[in-house]
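Please read the report below alongside the sequence and the coordinates. It goes through one predicted model region by region.

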Amino acid sequence: MRKGKFITVDGVEGAGKSTQIDLICSYLHEKGIEVVRTREPGGTEVGEKIRSVLLDVENQEMHSDTELMLMFSSRNELIQNKIIPALNEGFWVVSDRFTDASFAYQGGGRMLDLNRISELADWVLGDFKPDLTLLLDVSVEVGMQRIEARAAKDRIELEERAFFERVRSVFISRSEAFPERIKLIDASGSVDDIQSKIRSLIDSL
Ligand SMILES: Nc1ncnc2c1ncn2[C@@H]1O[C@H](COP(=O)(O)OP(=O)(O)OP(=O)(O)O)[C@@H](O)[C@H]1O
Ligand SMILES: [Mg+2]
């Protein structure tokens, strides 16, 4: 059934996900592979509505479990209505963030029990998982510096530094727990160096 490959790109804010995904999509196009690009939360009509609730700075009082379930609701919509149909048709799918981000942000950042997140992930995803996850790893400081120039911050970006340190550390521990799927890439170097590491990982797919 699944003919295409599913690649996810994750990491803290400013790690370079969007920049590298642009280049990944060009690379796949050059190889004659048709790509569907998407992002989380969002990526579908319903998902983008959920995204605006999640990122709205007015929703400061949102309960962490609500945030977690909205993330998975958006993800379910994306998987069922976009990712699976595309993979079945033979498209490759590249997603800016995926389930690992729920462990990192709601587990690490918000300090929800990782086992509860796992239960929810099993419930929503079953055996469905990416073929390859590129974890772009930079220090929180470097990531923040890179996005400093950007305009207004969203609800999650308003968190303090310690929140993002916890996010990064859960990402790193997941890459150690699932070394076959999650490839940790040092994203502190140049855009081109990072992309060439990514391309060799994609080649092996
Ligand atoms: N390797 C790099 N070295 C220096 N600057 C970079 C590098 N990669 C990306 N940048 C720059 O850093 C900024 C953030 O990059 P980008 O938007 O790709 O990150 P992101 O991970 O998608 O961020 P966000 O989590 O906010 O979506 C951009 O201005 C980009 O041009
Ligand atoms: Mg981005």
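The sections that follow cover the conventions, the core, a helix, the ligand shell, the backbone and some individual positions.

## Basis of the description

The model is predicted, and local features are given at pLDDT of at least 70, side-chain atom pairs count only at pLDDT 80 or more, and totals for chains, interfaces and linings use all residues. Residues are numbered from 1 along each chain as its sequence is written, while chains are lettered from A and ligands numbered from 1 in the order in which they are written.

## The nonpolar core

The largest nonpolar core has 40 residues, and among these Val94 and Leu136 touch the most other members. Such a core is a set of buried Ala, Val, Leu, Ile, Met, Phe, Trp, Tyr and Cys residues joined through C-beta atoms within 7 Å; a residue is buried if 20 or more other C-beta atoms lie within 10 Å of its own, exposed if 12 or fewer, and partly exposed in between, with C-beta atoms placed from the backbone. In soluble globular proteins, nonpolar side chains tend to be buried together.

Once neighbours within four places in sequence are set aside, Val94 is in contact with Ile7, Val9, Ile21, Ile24, Cys25, Val35 and Arg37, where contact requires C-beta atoms, placed from the backbone, within 7 Å.

## Helix H3

Helices (H or I, at least four residues) and strands (E, at least two) are DSSP runs, numbered from the N terminus. The 26 residues of H3 should span 38 Å at 1.5 Å a residue, and this agrees with the 36 Å that separates its end C-alpha atoms; the expected span is 1.5 Å times one less than the number of residues in the helix.

## The shell around ligand 1

Ligand 1 is surrounded by 13 residues, of which Gly16, Lys17, Ser18, Thr19 and Arg146 are the closest; a residue is near a molecule if its C-beta atom, placed from the backbone, lies within 6 Å of it. At least two residues of this shell come from each of helix H1 (17-30), helix H6 (140-147) and helix H8 (191-203), and H1 gives the most, with 3 residues.

By class, the shell holds 4 nonpolar, 6 polar and 3 charged residues, where Ala, Val, Leu, Ile, Met, Phe, Trp, Tyr, Cys and Pro count as nonpolar, Asp, Glu, Lys and Arg as charged, and the others, Gly among them, as polar.

## Backbone features in the loops

Most residues other than glycine have a negative phi, and most peptide bonds are trans. A cis peptide bond, with omega about -20 degrees, joins Glu40 and Pro41, and Pro41 is placed in the loop between E2 and H2.

Arg97, in the loop between E3 and H4, has a positive phi near 80 degrees, and Arg97 counts as buried because 22 C-beta neighbours lie inside 10 Å. Met111, in the loop between H4 and H5, also has a positive phi, of about 60 degrees, but Met111 is exposed, with 11 other C-beta atoms within 10 Å. Gly90, which follows H3, has a positive phi near 100 degrees; with 12 C-beta neighbours inside 10 Å, Gly90 counts as exposed.

## Positions related across the sequence

Lys5, in the segment before E1, counts as partly exposed, with 19 C-beta neighbours inside 10 Å. Lys5 and Asp131 are 126 residues apart in sequence, yet 6.2 Å apart in space, C-alpha to C-alpha. Not counting residues up to four places away in sequence, Lys5 touches Trp92, Asp131 and Leu205.

Ser169 lies in helix H7 (residues 161-177) and is exposed, with 12 other C-beta atoms within 10 Å; its C-alpha atom is separated by 9.6 Å from that of Gly109, 60 residues apart along the chain. Gly90 and Arg146, 56 residues apart in sequence, are 35 Å apart in space, C-alpha to C-alpha.

Terms used:
Contact = placed C-beta atoms within 7 Å.
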